[in-house]
Each structure stands twice: as C-alpha cells, then as structure tokens.
Amino acid sequence: MIELSGVHKTFGSNKVLRGVDLTIASGTSMVIIGGSGTGKSVLLKSILGLVTPDAGQITLDGQDVTRGDRDAFLARFGMLFQGGALFDSMRIWENVAFRLLRGTLKRPKAEAREIAIEKLRRVGLGPQVADLYPAELSGGMQKRVSLARAIAAEPEIIFFDEPTTGLDPIMSGVINDLIREIVTEMGATAMTITHDMSSVRAIADNVAMLHGGKVRWTGPVSEMDATPDPYVQQFIHGRAEGPIESLR
Amino acid sequence: MSLLSPVAALGRVTLGLLAHLGRVAIFAAQVVSHIFRPPWYPREFFHALMQIGWFSLPVVGLTALFTGGALALQIYAGGARFSAEAVVPAIVAIGMVRELGPVLGGLMVAARVASSIAAEIGTMKVTEQIDALVTLSTNPLKYLAVPRVVAATLAVPVLVGVGDAIGIMGGWLVGVNRLHFNSAAYLKNTMDFLEVWDVSSGLIKGAAFGFLVALMGCYHGMHSGRGAQGVGAATKAAVVSASVLIFAANYLLTELFFS
C-alpha cells in the first residue's frame, strides 16, 4: 500500500503540492486526473524519490520511502514515461532488458534477450524490432517498448505517466487495453496520471482528482460520473465554464 | 538607485560565482569517489574511450601538423633577427611537447568532446532518460559521468603524445622542404634537446585537461535547462568553461613543473 500524507512541494514561488493525502491499496489501479500544471507528475516523482517533497510523508507498506535500501525500493517499481524515455544509443531489446543486464537482477545476456523478446511479444511487438534502435520506431511502438521495459523485471508497482499522450485514438485504446490486461495478470499496484478520460475509464479502479495542490476528490471510477463535485464534473466533461479557471 | 547598488550587484555576482564553483567542486568529488566504488560499467567506458580518443585523432593530428609547421616558420623568421635559425628543431620540439601539444590538443578535445557530452546528457535529461535511469536502479552519475571522465583522462594524454609526434613532424616537413634544413641533422637536433620530463610534463597536462573537459561536459549536461534552448546553453557553457579551465590549469601546472 502506498500512502501519502500532507505532501508539500514548492518550486521557487510556485506551490505545486499543498498537502496531498492519498492512499493506493495494493493490487489496485489508481488514476490521478487534473489539469496541466496541477502537480500530477511531481506527485508521482515524489513517490519514486526523483523529486524531494518539502514536507509530508510517503510510505510504501508502512515504510518511509526516503529510508532503507534505495536499490531494493526501486526494484519494486516499473515506470512508463510520458515520452517513452528510451535510451537512443541502445537497441530495443537492450532497452527492455536494461535492468536484467546490470545490478542485482543481472542475468546472462542470452537469457535477458529472451525475456526482452517475450515482453515485446506481450505488448504486441515481434522479435524483428528487437535489434532496431528507438528512433526507427513510431511513437506508438516506442510507448509499447517503454511498457515492455516497465514490466520486464516483473515489478510489484507500475507507474504510467500520460501513457496515451501524442497517440491517435486507436493506438490509445490499444495501450489502455494493454495496461489494464498487464496490471490485472501481474496483480500489480498501478498508478497512472492522465488527462485522457478514455484512459481513466479503461484503466482505473479508483480515481483521484488533483486541483490546487490537493486531492479534490477520490473514489471508485464507478462513482466518478455521479459525483456532484463541480470540479470533477467540469473536468470529466471538458467544459470551459466551471470552478476551474481556464484561459480563453 | 542607491549608492551601494553597484557593490550589491558585485556581491551578488561574486556569491553566485562561488556557489557555482562549490557545485562544480562537489560534482567533481562525487565523480572521483564513484571511480573507486562498484558497480563499474566497462561497456560505457570503452564506448567513451573510442568516442573521445580514437575519433578525436584526426582533428588533433591535423591541428598539431599545421601548428608544428607554422611554429617552424615563426621560429626561423624570428631567430634570423639574431642569427639563431639553427634553434628551430629544438624550439619546435620543446614548444610542441611542453605547451602547444597539450593546450591545443586539450582545446580541440574540448570543442569536440565537451560539447558532445553536454548535448548528449542534456538531451537525456530533457527527455527524462536520466529519470528513467534512476527508476531502473542505476545511478546516472556513475553510469554517465564516471566512464566519460575516466576515458577522457586516459585518452587525452595519448592524443597529446600522438599530437606531439605529428607536430614535430610538421616542423620537420617545413624545416626540410621550405627552410632547407638537413633532414638527419634536424632530427638529431630535435632528439638531443628533448628531455623525458618535457614529454611527460605535457602528458600529465593532457590527463588534467581530459579530466576537466569531460567533467565540464557531464556537469553542464546534467544541469541542463529545459528544451532545445537549455541544451544549447549547456553545450555552450561546457565548451567555454572547459576552455577557460584548460588555460588556467595550464598556467598552474606550468608554475608547478617549471618554476
């Protein structure tokens, strides 16, 4: 279980997080929604330790994430980055097997390659892409490779940062379905941040809306449409009028 | 505007500069400490060695060749004023191995390598590849900076050695073909005047310059701002700071070795 309590983060004069409280139960899929610049990515990076919160506490299974063995902590996570974040200088299979080629999870090269090809197959890519470089793939294929890399070491917790940004609706649907299937079959805890409401409905067990640096609303996805919260209603229906200020 | 405004501005600039120097010093100390602690990344090291050493050979070699030739012409013309044309081989050799070989070799590597390292690491930063490394349990400093810094520290002295030889050859070519020196006498003169310390001091300078070049490339790449403008600024800062540090280190090492 991941628990955040009173998490604050400020960049210069910009108070991004102003006391976030959130609980993500093990084996569930939590989707964080909210407008651009509301701190969704900062929240996710705070859990991973890529950003250090100014105040508050983040725990994983009751343990403070800032203490203990960092490698062992990170080995429990997989992450799909918004832009894929594939390493340009490496072949696709080396990207997928990155964690299996070094560190505590190191395997023989042939075995790591075999696992990488199996993970590529799992995300719908054939072995012929294994020896290509990231620049030779389309955006959708790069997202799939990034997904394969996120699941390569069979993590307990997977983070997805805007998994469908920049993809056409059909490819977005394919990625959403893949994420849902993989999270379910691995029994992993998932946390996704997105603006895409089709992703929310396809991926989420629970939804949390971030606004003004705090969690404005959280609940099961089945209750999202019925909530009377005007912020949630404006966001999920994409209305220009409402309590969330928009520039026109 | 207050009377003290210029003083306050000067103070701000000084404090900013000191803070920057402190950050660079901490970064350098972290890189050096990681050199001696596992895990090590031999594949990244050999890749960096090829990029920095092997692929810099043409530019360093050509620079040394033309510099050696020009130096021979200058010494000959200058020496003629007091009938000292005969010192051309010795001064070309000493000038190349003590000063021009290491400094020009270091500057050429700074232009080629510091910019490339800063642009590569800066792009990795803005495309979240460095964050990805962290989530994959890999320390970016250890994985990206240490192999490049070690490779440059080892490769640049070799480049300087090769550059010295090519520079002396450039002087010999001009001396024999343009200034009509006897070939065997030119070479003998060169060898007679050159001492081991002349060469080895230049190679030590090369190692120091290689360290500084890669360190500046990695530091500015890892502290790159966002977007193309941020990467461009990091690349420029890497080349400028590496070049200035090469000149400063060259003066300090020359004081240390020869005063």
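Start with chain A and colour its residues by burial: of the 248 residues, 42% are buried (20 or more other C-beta atoms within 10 Å of a residue's own, with C-beta atoms placed from the backbone). Keep in mind that this is a predicted model, where local features need pLDDT of at least 70, side-chain atom pairs count only at pLDDT 80 or more, and totals for chains, interfaces and linings use all residues. Residues are numbered from 1 along each chain as its sequence is written, while chains are lettered from A and ligands numbered from 1 in the order in which they are written.

Now switch to a cartoon of chain A. You will find eight helices and ten strands (DSSP runs, H or I of at least four residues for helices and E of at least two for strands, numbered from the N terminus).

Next, select the open sheet of four strands in chain A, ordered S2-S1-S4-S5 with antiparallel pairing (two strands pair if DSSP finds at least two bridges between them). Strands S2 (14-24) and S5 (63-64) of chain A are at the edges with a single partner strand each, so one side of each has no neighbour in the sheet. Zoom in on S4 (residues 55-60) of chain A, which two bridges join to S5(A); Thr59(A) has Asp64(A) as its bridge partner there.

Finally, move to chain B and pick Ala114(B), among the residues with the most contacts inside the largest nonpolar core, a set of 135 residues (buried Ala, Val, Leu, Ile, Met, Phe, Trp, Tyr and Cys joined through C-beta atoms within 7 Å). Helix H4 (residues 88-126) of chain B gives the most to this core, with 18 residues. Leaving out residues up to four places away in sequence, show what Ala114(B) touches: Val213(B), Met216(B), Gly217(B), Ala238(B), Val239(B) and Ala242(B) (contact means C-beta atoms, placed from the backbone, within 7 Å).

Terms used. Buried ≥ 20, exposed ≤ 12 C-beta atoms within 10 Å, placed from the backbone. Contact = placed C-beta atoms within 7 Å.
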